[in-house]
Amino acid sequence: MGERELSQGAAAAYERKDHTGALSLYIHFPFCVRKCAYCDFLSAPADEETREAYVDALAREIKTAGERIAAQQPGHVQYVDTIYFGGGTPSLMTSAQTDHLLTAVAMSFLVADDAEISAECNPGTADQEKLAAWRSMGINRLSIGAQSFHDDDLKRLGRIHTAAQIGQTFRAARQAGFTNISMDLISSLPGQTTGRAKEDLCSAMALMPEHLSVYSLIIEEDTPFRDMYGSRETAPDPAYLPLPDEDTEREIYHRTWQLLEEGGYRQYEISSAARPGYECFHNIGYWKGHEYLGFGLGAASLYGGARWSNTPDLQEYTEAMSAVPQRDIRRELSVLTEKDRLEEFMFLGLRMTDGISEEVFAKTFGKTADEVYGDVIRKQTEQGMLERSGGRLFFTERGVDISNTLMAEYMF
Ligand code: SF4
């Protein structure tokens, strides 16, 4: 698994975040050219008029949030050090729409000069002109949804782009001045062999992005893939390519991180690897339990000791944002109990390969990790799944393999 410490740049950034109480912002753009066959995200196609009305609503939500925070804490301007445009397909936004949203953020929050501002981009939806405009607006990290470099796989997934378009988008991004580019791949695709998975990874690495995330395909409920493949436990329709078996899946996973390590990347989370200093600060904020505000349809927030999700209903969302005064669109609002916070601290923290800091645990909860989770820690350590070193607790390579099962043992 390689060295456990975060790169110096990343470590300094987190330290600053701990001191300043900086906030992360997530901005959801839920529109796509068309729905992919495996996707259960809150996303759908929409016409330009709908998108424009949605962006207006988003800008209003952002401004109101800034005003509320200022009213609750007079004289306090909330400091923001990461912003993430996710979707959906944010690269479908026009430059004017992106500018509108970033201006709303700048008018409502104090954005750090060196804030990490990421945007997801799907090949075939952003040309160099748009990417250059994004760069000039301050977006400094691009996350390209490549998913595969095999055209037949892309077609099967229902993606709108070809493998050639991934390279075109990547080169356009470099030309536009992006020096921090991430790429997403999906592994364990129907019919995928270790050889084909390796080809995908090598094609991505050949472009030399600073960051790579590789997610195993999950067959989600209510998707065309679910109808075609069933769940992994049930037999797929014989008309379709079978999903890789468990052994192949595990082999693909190990080979992936081994190749990335050989290529100079460091796995810092279950599904992500980066060149030193290019870890995604925004996501690390989530895993460290830092506060964030999510704007837009269905977006989740963690703020002021509470968590909630916005309504997933587009009409309700846009109407509520236009109403005077604005209507509350928060759903599933819950105040976090200590039990919730403990579970999340472990559950999210152990996603990272350097795991959780025992000192931060003790400072946060006023008791040691052993006092709360002694039995689980002892059991997992004896089983060779968890390691304790340098004041940290983290999963071993064997532990990462079954991390979902192990994480569940931290739930009360
Ligand atoms: S582009 Fe992404 S969000 Fe949109 S349908 Fe495909 S997988 Fe889902």
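A crossover counts as right-handed if, with the strands pointing away from the viewer, the path from the first strand over the helix to the second runs clockwise. Keep that in mind for the first view. A word on the model too: this is a predicted model, where local features need pLDDT of at least 70 and side-chain atom pairs count only at pLDDT 80 or more, while totals for chains, interfaces and linings use all residues. Residue numbers start from 1 along each chain, as its sequence is written.

**View 1. β1, α2 and β2 make a right-handed β-α-β unit.** Helices (H or I, at least four residues) and strands (E, at least two) are DSSP runs, numbered from the N terminus. Strand β1 covers residues 23–29 and is joined to strand β2 (residues 79–87) by seven bridges, with the two running parallel. For pairing, DSSP has to find at least two bridges between two strands.

View 2. Leu25 has Leu293 as its bridge partner in β9, and Ile27 stands opposite Phe295. On β9, Tyr292 and Gly294 point one way while Leu293 and Phe295 point the other, and all are buried. Buried here means that 20 or more other C-beta atoms lie within 10 Å of a residue's own; exposed means 12 or fewer, partly exposed is in between, and the C-beta atoms are placed from the backbone.

**View 3. Both faces of β1 are covered.** In a regular strand the side chains alternate between the two faces of the sheet. One side of β1 carries Leu23, Leu25, Ile27 and Phe29, the other Ser24, Tyr26 and His28, and all are buried. Why is strand β1 largely enclosed by the rest of the structure? Because seven of its seven residues are buried.

**View 4. The largest nonpolar core has 83 residues.** A nonpolar core is a set of buried Ala, Val, Leu, Ile, Met, Phe, Trp, Tyr and Cys residues joined through C-beta atoms within 7 Å. Leu25, Ile27, Leu58, Leu101 and Val105 touch the most other members. Helix α2 (residues 48–72) gives the most to this core, seven residues. Zoom in on Leu25 and, leaving out residues up to four places away in sequence, you'll find it touching Val80, Ile83, Val105, Tyr292, Leu293 and Phe295. Touching, or being in contact, means that the C-beta atoms of two residues, placed from the backbone, lie within 7 Å. Another core lies apart from this one; it has 16 residues, including Ala369, Phe394, Val400 and Tyr410.

**View 5. β13, β15 and β14 form an open sheet.** The strand order is β13-β15-β14, and the pairing is antiparallel. β13 (356–357) and β14 (386–389) are the edge strands, each pairing on one side only. Two bridges join β13 to β15 (residues 392–395), with Leu393 in β15 as the bridge partner of Ile356. β14 and β15 pair over four bridges, and Ser389 has Arg392 as its partner in β15. These two strands make a hairpin with two residues between them, and Gly390 in the turn has a positive phi of about 60°.

**View 6. Asn140 sits in the loop between α4 (128–137) and β4 (141–147).** Is Asn140 buried or partly exposed? Asn140 is partly exposed, because 18 other C-beta atoms lie within 10 Å. Beyond its neighbours within four places in sequence, Asn140 is in contact with Glu116, Ile117 and Asn180. Asn140 and Ile181 are 41 residues apart in sequence, yet 8.6 Å apart in space, C-alpha to C-alpha.
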